[in-house]
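Work through these exercises with the predicted model open. Each task is followed by a stepwise solution.

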Amino acid sequence: MPQTPDAPPHALKADSFGRILLVEGPDGPFVRRDLGATPLWLRLPAWWLARREARALRHIHGMADVPQLLAWNGHHLDRSFMAGDAMYQRPPRGDLAWFHSARRLLQQLHRNGVAHNDLAKEANWLVTEDGRPALIDFQLAVIGNPRSRWMRLLAREDLRHLLKHKRMYCRESLTPVEKRVLKRTSWVRELWFATGKPVYRFVTRRILHWEDNEGQGPKP
């Protein structure tokens with residue numbers, strides 16, 4: 001069951017799929033995805049995305065540097081709070097150790113049978129208070145056999161997105177192998193850019209009026 005707040009929650013983010021709240025609970029702060037403010041016509045996809053996130057977090061329960069699922073009741077998704085900043089707020093510029101740790105984190109996630117599937121967004125990468133990488137927002141995560149061809153393909157796409165961030169903030173440290181991975185695009189990426197991306201842009205920009213690049217909802 002969702003925890004009872006000890007104080008009024010603080011809004012971290014709001015968009016058409018609900019609100020992300022920082023809540024002070026009896027055992028300390030936690031993060032709540034609240035679907036109560038979602039427009040009626042978006043409640044089904046918002047519920048589906050939250051349910052998908054809850055399923056992924058339940059699957060990787062106990063893993064370090066990812067949120068821990070506290071509760072999901074169809075209206076609220078509560079997860080543990082991780083103190084830190086999004087990558088774009090505190091870029092790991094020139095921090096090769098951070099990218100090494102981020103790659104190990106991804107490898108552990110993939111060994112546990114989960115592909116994040118949304119790591120192009122810098123908002124989904126955290127730089128924790130002590131400088132470690134962490135992952136959040138598992139709404140698009142996929143669970144499967146890590147040895148299957150499909151999961152290996154998705155894992156490679158996760159890695160490609162991490163390497164694109166490394167190219168942005170730590171370009172001089174890219175290895176020859178990493179450069180080859182960046183150049184080798186998959187059919188999943190090509191299909192997304194040919195079909196899914198135009199639809200995504202139409203929905204987010206024309207219907208939901210999102211104007212930013214992080215998927216954080218409309219600008220004030």
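**Exercise 1.** Find what covers the buried residues of helix H1.

*Solution.* Start with the strands. The cover includes S3 (28-34), S4 (69-72), S5 (76-80) and S10 (142-143). The buried residues of H1 are Ala 46, Leu 49, Ala 50, Glu 53, Ala 54, Ala 56 and Leu 57. Now look down the axis of H1. Its buried residues fall within an arc of 165°, so they line one face of the helix. Finally, turn to the face away from the buried side. There H1 carries the exposed residues Leu 44 and Arg 58.

**Exercise 2.** Describe how helix H3 (149-169) packs against helix H4 (176-183).

*Solution.* Take the geometry. The angle is about 115°, and the axes are 10 Å apart. The crossing of H3 and H4 is left-handed. Then read the contact. From H3, Arg 160, Leu 163, Lys 164, Lys 166 and Arg 167 meet Glu 178, Val 181 and Leu 182 of H4. Sort by class: three residues are nonpolar, none polar and five charged.

**Exercise 3.** Is His 161 buried or exposed?

*Solution.* Locate His 161 in helix H3. Its relative accessibility is 18%. The cut-off for buried is under 20%, so His 161 counts as buried. Beyond its neighbours within four places in sequence, His 161 is in contact with Leu 119 and Ala 120.

Terms used:
Residues are numbered from 1 along each chain as its sequence is written. This is a predicted model: local features need pLDDT of at least 70, side-chain atom pairs count only at pLDDT 80 or more; totals for chains, interfaces and linings use all residues. Side-chain values use heavy atoms; hydrogens and water are left out. Buried means under 20% relative accessible area, exposed over 50%, partly exposed in between (1.4 Å probe, protein chains only). Helices (H or I, at least four residues) and strands (E, at least two) are DSSP runs, numbered from the N terminus. The arc is that of the directions from the helix axis to the C-beta atoms. Contact means heavy atoms within 4.5 Å. Axes are lines fitted to C-alpha atoms, for helices over the stretch in contact, and angles run from 0 to 180 degrees between N-to-C directions. A crossing is left-handed if the near helix is turned anticlockwise from the far one by less than a right angle, and right-handed if clockwise. Ala, Val, Leu, Ile, Met, Phe, Trp, Tyr, Cys and Pro count as nonpolar, Asp, Glu, Lys and Arg as charged, and the others, Gly among them, as polar.
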